[in-house]
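Here is a short tour for a first look. Keep the sequence and the 3D view side by side while reading.

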Amino acid sequence: MHEMSIAMSIISIACKEAEKDGASSISNIELDVGKLSGVMIDSLNFCYESVCKGTLAENSTLSINEVPARASCKKCNHTFEIDSFMALCPQCESYEIDILQGRELKLKAVSVN
Ligand SMILES: [Zn+2]
């Protein structure tokens, strides 16, 4: 499962950070997840708990910030919110767009005890 490997890599990075700080445990992990990142948030939450077991992150919580997707039009420079890669510019109906944000999957903060 895609989300299982994502959860594992997030937790392994967070645990390394926590160890560096000499923390005894992690209380919260905060993530930015873009709408176009392809990550299923429900599924990630589900995997998170099982991956945490036996690590510094056991019993920690996962906070997910959903980042909306935005694009700009290469023809008319209009920027707008999108919900898929196949969006078209609402102003001039061009398909030539640049995705500005929405693909991120970022570990934002690790709170430790
Ligand atoms: Zn346009």
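Which residues coordinate the zinc ion? Cys-73, Cys-76, Cys-89 and Cys-92 do, each through its SG atom, at 2.3 Å. Bear in mind that this is a predicted model.

**The zinc site**

Along the chain, the donors of the zinc ion follow the spacing C-x2-C-x12-C-x2-C. What arrangement do the four donor atoms make? They subtend angles of 103 to 116° around the zinc ion, so the arrangement is tetrahedral. For comparison, the ideal angle for four tetrahedral donors is 109.5 degrees.

| Residue | Relative accessible area | Class |
|---|---|---|
| Cys-73 | 1% | buried |
| Cys-76 | 29% | partly exposed |
| Leu-105 | 38% | partly exposed |

Buried means under 20% here, so Cys-73 at 1% qualifies.

**The sheet**

Cys-73 falls within strand S3, which covers residues 69-73. Three strands form an open sheet, in the order S4-S3-S5. Their pairing is antiparallel. Strand S4 (79-82) and strand S5 (97-101) stand at the edges. Each has a single partner strand, so one side of each is left without a neighbour in the sheet. Neighbouring strands are turned by 35° against each other on average, direction ignored.

S3 and S4 pair over four bridges. Ser-72 has Thr-79 in S4 as its bridge partner.

**Helix H1**

Helix H1 spans residues 2-20.

Which residues of H1 are buried? They are Glu-3, Ile-6, Ala-7, Ile-10, Ile-11, Ala-14, Cys-15 and Ala-18. Seen down the axis of H1, these buried residues fall within an arc of 160°, so they line one face of the helix. An α-helix has 3.6 residues a turn, so residues three or four places apart point the same way. The face turned away from the buried side of H1 carries the exposed residues Lys-16, Glu-19 and Lys-20.

**Leu-105**

Leu-105 lies in strand S6, which runs over residues 105-112. How far is the C-alpha atom of Leu-105 from that of Phe-46? The two are separated by 17 Å, and the residues are 59 apart along the chain.

Methods
Residues are numbered from 1 along each chain as its sequence is written. This is a predicted model: local features need pLDDT of at least 70, side-chain atom pairs count only at pLDDT 80 or more; totals for chains, interfaces and linings use all residues. Side-chain values use heavy atoms; hydrogens and water are left out. Two strands pair if DSSP finds at least two bridges between them. Helices (H or I, at least four residues) and strands (E, at least two) are DSSP runs, numbered from the N terminus. Axes are lines fitted to C-alpha atoms, for helices over the stretch in contact, and angles run from 0 to 180 degrees between N-to-C directions. Donors are N, O and S atoms within 2.8 Å of the metal (3.2 Å for Na, K and Ca); water is not among the atoms, so sites may look incomplete. Four donors count as tetrahedral if all angles lie between 85 and 135 degrees; four count as square planar and six as octahedral if opposite donors are over 155 degrees apart and all others between 65 and 115; anything else is irregular. Buried means under 20% relative accessible area, exposed over 50%, partly exposed in between (1.4 Å probe, protein chains only). The expected span of a helix is 1.5 Å times one less than its number of residues. The arc is that of the directions from the helix axis to the C-beta atoms.
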